[in-house]
Each structure stands twice: as C-alpha cells, then as structure tokens.
Amino acid sequence: MERRLLSGDEAVAAAAMDGGVHLGTGYPGTPSTEILEAFSALGGRAQWAPNEKVALEVGLGAAFAGARAVVTMKHVGLNVAADPLFTAAYTGVSGALVVVAADDPGMASSQNEQDSRRYAIAAGLPMLEPADSQEAYELALAALELSQRWQLPVLLRMTTRVCHSKSIVTRQSAVAPAPVPRFARDVASRVMIPAYARPAHRRLRKKLESLEAWGETAPLAIWREGSKALGVIANGVTARHVREAAPEASLLELKLVHPLPLEKIRAFAASVERCVVIEEGDPVIADAVRAAGIPVEGKAPSFRFGELDVPRVRRILARDLSPEPEAPKGKPPQLCEACPYHPVYSTLKKLGCIVAGDIGCYTLGVLPPYEGMDTCVAMGASLGVGLGLRHVLPEEDARKVVSIIGDSTFVHTGLNGLVEMVYNPPPTGHVLVVLDNGTTAMTGQQEHPGTGRTLDHEPTAKLSIEGLARALGVANVDVVDPIADPAGFERLLAGRLSRPQLSVIVARRPCILAAADIRKYEKAAAAAGCAACPEVENV
Ligand code: SF4
C-alpha cells in the first residue's frame, strides 16, 4: 500500500485515479482548484470547462454513458451548476458522478460563506464529508461506489481546511477496474418532460429512503465511546477539533451528512446526559435532528460566522458567549506591482467612472489607492448590474457606468451578459472593458477557452473575445494594450463613454506572473506548427 503526504484535494485526485474515473471536469475556484490539476498530473483525463454548469453537464453526459466522472467547483460554483444538478437527481446516472463542492467557511477567498449541505437537502442527493486527507481519499472512493450503486449523483463536500492541509494518505493497492462506457437508450429516465419527471421524482425519493436505511448501519457514522456526561455530534474537520477540545467526550462523527442516520443519532443522544451538535456553518444537522424530536443542543448563533477551531469548540461546549479575541489584522491582498490593471484603474478613477465589477484579481482594484469598483456580486454579474445602473440613472451619471470583467470570467458567465447588452441596450449605450490577461490569474493561472490551451497547456481552438463581440453586433470593438499605451486607452475610454452606443474594449496584456509561461507555451505550440498558433499572438 502506498503512503503519501497529500492535501485533501490531492487525495480526491488520487481516489479519482484509483476509482477508475474516466473524466474530471470543473472550473477553477479556491479551494477546489488543485483537484483536477493533481488528477491530470497523475495521468487522469482532466479538463477545465467554461463554467460549473457546463462542467456538470459534461460530467453527467459521461455518466449517462456508463463512465465514472468527477466534477469539481467551489461552493459558489455550485450555484451556477444548480440548474442541471437538481434535474440530474431525477435522471440519475448509469455510471458514477461525483460532484465535489469546496466550501470556504470564513471566506478566505470568496464572496460569501454559503453552506453546500443545503444543496444536498434541496436537490435530494446524498452528501459525504471528509475530515482529513485520508477520509477525502476514502470518501471520494465511497462516493463513486454509492453513485454507481444508487445510480445517483453524489455530492462530496470539502472545506478549505480539508482541501489545503496535508496528512498521510494510504492508497488502496488494488484498483477497481473502470466499467467500459456504453450508451443504453432510456428516454423515460433521461428526458425530463413532465410526464417522465413526475415518476422520476418518486424514484428519487425511494432511492433516498433506501439510502437512509442503509446509512443507519453503514460505516459512515463513527461512534466513539467516551464520557456519559457529554456527547458531541460533529461532521468534517469539526469532528477533529472536538477530539482535541474535549477528548473525554463521547463523539458521533458523521461522514454521510445527507441523508442523516437519525436512528443512530437518536441512540447516541439517548446514551449521554448532554448532547451537543457542533458543526461549521449553518445549523443543518442540529435543525434536522431537533425536527426529528431528538433533544440536542446547538451552537450559539455567533459561531455561525467563520471557521471553527479548537478554542472556538471549547467555547461552544463551555457556553462561553464572551467576546472572542480579535484575529490579528493581516495585510490585505493587493494588485501586483507590475499588474496590467494599474493603468486601467487609474484611468477609471481619473474619468470618474461608476464601475460595475466582477470576480477576479481585478476585484482588488476596489482597495486604495484606486477604490475603483462600485459593485461586485457574482461571476459575470458586472454586465447585468452595469446595464441595470445605465437603465435607471440620470443620463449624466448613466454615461459614467463601465462594466469590467476578466477574460476567464467573461467566458464563464459574462457572455450571457453581453447578449443582454445587445438585446436590451440602455439609451446611453454601455461600455464593457474586458481585462484580458491571458489566464485565470486569481486561482493560480489556469487555462480557459480564451487562452487557446487545455488544462495541461496543450494548444486547442481559441475563443476570440473581440470576434464574439463583433458577431453579436456591438457597434464599437477595440483591442488595446493598457501598459504599452495608457494615454491611448484613456482617450479611447473617454471617447466611448461619450457615445450613446455599445462598446467593448478588450484591454489585453498578459498577467505579469503568467507571462513567462505563456511565452513558453506559445513557443512550444509554434514549434509543433499547430493550427491554433496564429491566434496565440493575440495573448
Ligand atoms: S496575479 Fe497577475 S492579474 Fe493578478 S494582480 Fe498579479 S499581475 Fe495582476
């Protein structure tokens, strides 16, 4: 048996290899990004999708064909994938489909701290949650098996701490042979018109009932005998904190967080004098357990925010509501010194623009010295929000509104906003600036369909942002280098703001941290004489 020091993300990748996964797909998002990169490095077939919805649809197609697929994303990505996810619960799968959602309690690098367990309940899908890298490996394998057995997509919930911390992982020596994909027609299961969807929903609830019954005896709720005075029910990394904070307590560690093994929980709660549920994020387990009539104590609402750790768990157990010590202030992240976004933000500031921003490195432009962003809601939202502002503001203010979005985010969900911009143009027109730095910089320089390279940096077809804008009918489309010609960029932006027309300005300059690698990939592609080479010069 191979023993390796692995992060939780690397452990999931190892499980994907050992579990015979045919295809890994996803969209980069901290803390989930490394799963597919590690899977590819191990020799797995991995690819970046333009967004999480597409990734899930591709994974579902593979699983319809009897293959095993893993789809990765961060928690907010699950919102993007939610539409097909809910219906995939009805269609089920023929092979296996594991959807990894990485939550970010404490928002180390996210715009909210939503709890993905809510999705498992709402969509009616099983969810497993590991506490460390070994469990990430084992539960990813278990998720593949559960998916295959119940013919359902399975959610694997990770959290930042589990994704990025490293611990020893023992890999299985015997690798299960991957099933050979083949397509079997099953229209009633796969085509969700109402006549087929109604029975599909009943089938889903039956599967969940049977899963729930199985979960009562499955080794996915570990009962550790301890003191009769105190029992704790915990999940994920929180169970580890509890073992350190209260080693004397009895502990029920839940690995299957949906559906819950309520009878086992009932027996555990009855076996101790005081039973406390300690969970990071929403009181999902506490609410479900209380709703089943099992008397348990939950955490105080103030512990809903941020990550839990050993001292915080001690406080919960001690019912200590005194103010928590303030965390030492860290240095806020900033745009790199030679970042190509600097002249863009100084120009926006100089022209007094109202900036509808988006998610990426450029969101950092909201901080001093520029304070150059007025809104930032979700991936791709800069267009819709900018258009909304333009529709209702007095003309003088409307003319100052600019939407800015990065190249990767534009491909992710900005594209639909561009269609809206052309379809429902405000009377003052609108200006979109696409900050094209040739990579997905914020998550660690991943490729996307606009770079013309696949996940492992091999050349592929390249999507042209300016070509798309022209094809959609935008009146003014320009490509500029904001570093080489900052004065030209300023003149161009000022001119476009004064026109009551639609304008797209592609501000193109590679991210300074990715530029050397991009040049290396370009050279390799040119040497190979590949078809995509003529497009590469645009980067
Ligand atoms: S990583 Fe690249 S895009 Fe991000 S701030 Fe630094 S130079 Fe700019």
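Contact is taken here to mean heavy atoms within 4.5 Å. The structure is a predicted model, in which local features need pLDDT of at least 70 and side-chain atom pairs count only at pLDDT 80 or more, while totals for chains, interfaces and linings use all residues. Residues are numbered from 1 along each chain as its sequence is written, and side-chain values use heavy atoms, with hydrogens and water left out.

The protein contains 21 helices and 18 strands, where helices (H or I, at least four residues) and strands (E, at least two) are DSSP runs numbered from the N terminus. Its radius of gyration is 25 Å, close to the 24 Å given by the globule rule for 539 residues, so the protein is as compact as a globular protein of that length. The radius is taken over C-alpha atoms, and the rule is 2.2 Å times the number of residues to the power 0.38. The C-alpha trace spans about 75 × 60 × 50 Å along the principal axes. Among contacts with a separation of 6 or more, 74% are between residues 24 or more positions apart. The accessible surface amounts to about 22,200 Å², and 57% of it belongs to carbon and sulfur atoms; such areas come from the Shrake-Rupley method with a 1.4 Å probe, and for residues only the protein chains shown count as cover. Of the 539 residues, 55% count as buried, a class defined by under 20% relative accessible area, with exposed meaning over 50% and partly exposed in between (1.4 Å probe, protein chains only).

In helix 12 the buried residues are Val-284, Ile-285, Ala-286 and Val-289. Their cover includes helix 5 (117-123), strand 10 (227-235), strand 11 (249-254), helix 11 (262-270) and strand 13. Just after helix 12, Gly-293 has a positive phi of about 80°. Gly-281 is itself buried, at 7% relative accessible area. Leaving aside residues up to four places away in sequence, Gly-281 touches Asp-115, Arg-117, Lys-299 and Arg-304. A distance of 9.6 Å separates the C-alpha atoms of Gly-281 and Asp-103, which are 178 residues apart along the chain.

Aromatic pairs were assigned to rings of Phe, Tyr and Trp (its six-membered ring) with centres within 6.5 Å; planes under 30 degrees apart count as stacked, over 60 as edge-to-face and the rest as tilted. The count by this rule is 5 aromatic pairs. One of them, formed by Tyr-341 and Tyr-362, is edge-to-face, with 5.8 Å centre to centre and 85° between the planes. Tyr-341 lies in the loop between helix 13 (310-317) and helix 14 (342-350), and Tyr-362 in the loop between strand 14 (354-356) and helix 15 (381-392), so this pair ties together parts 21 residues apart in sequence. Tyr-341 is buried, with a relative accessible area of 4%, and Tyr-362 is buried at 2%. Tyr-345 and Tyr-370 form a stacked pair, with 5.8 Å centre to centre and 25° between the planes. Tyr-345 belongs to helix 14 and Tyr-370 to the loop between strand 14 and helix 15, so the pair ties together parts 25 residues apart in sequence. Tyr-345 and Tyr-370 are both buried.
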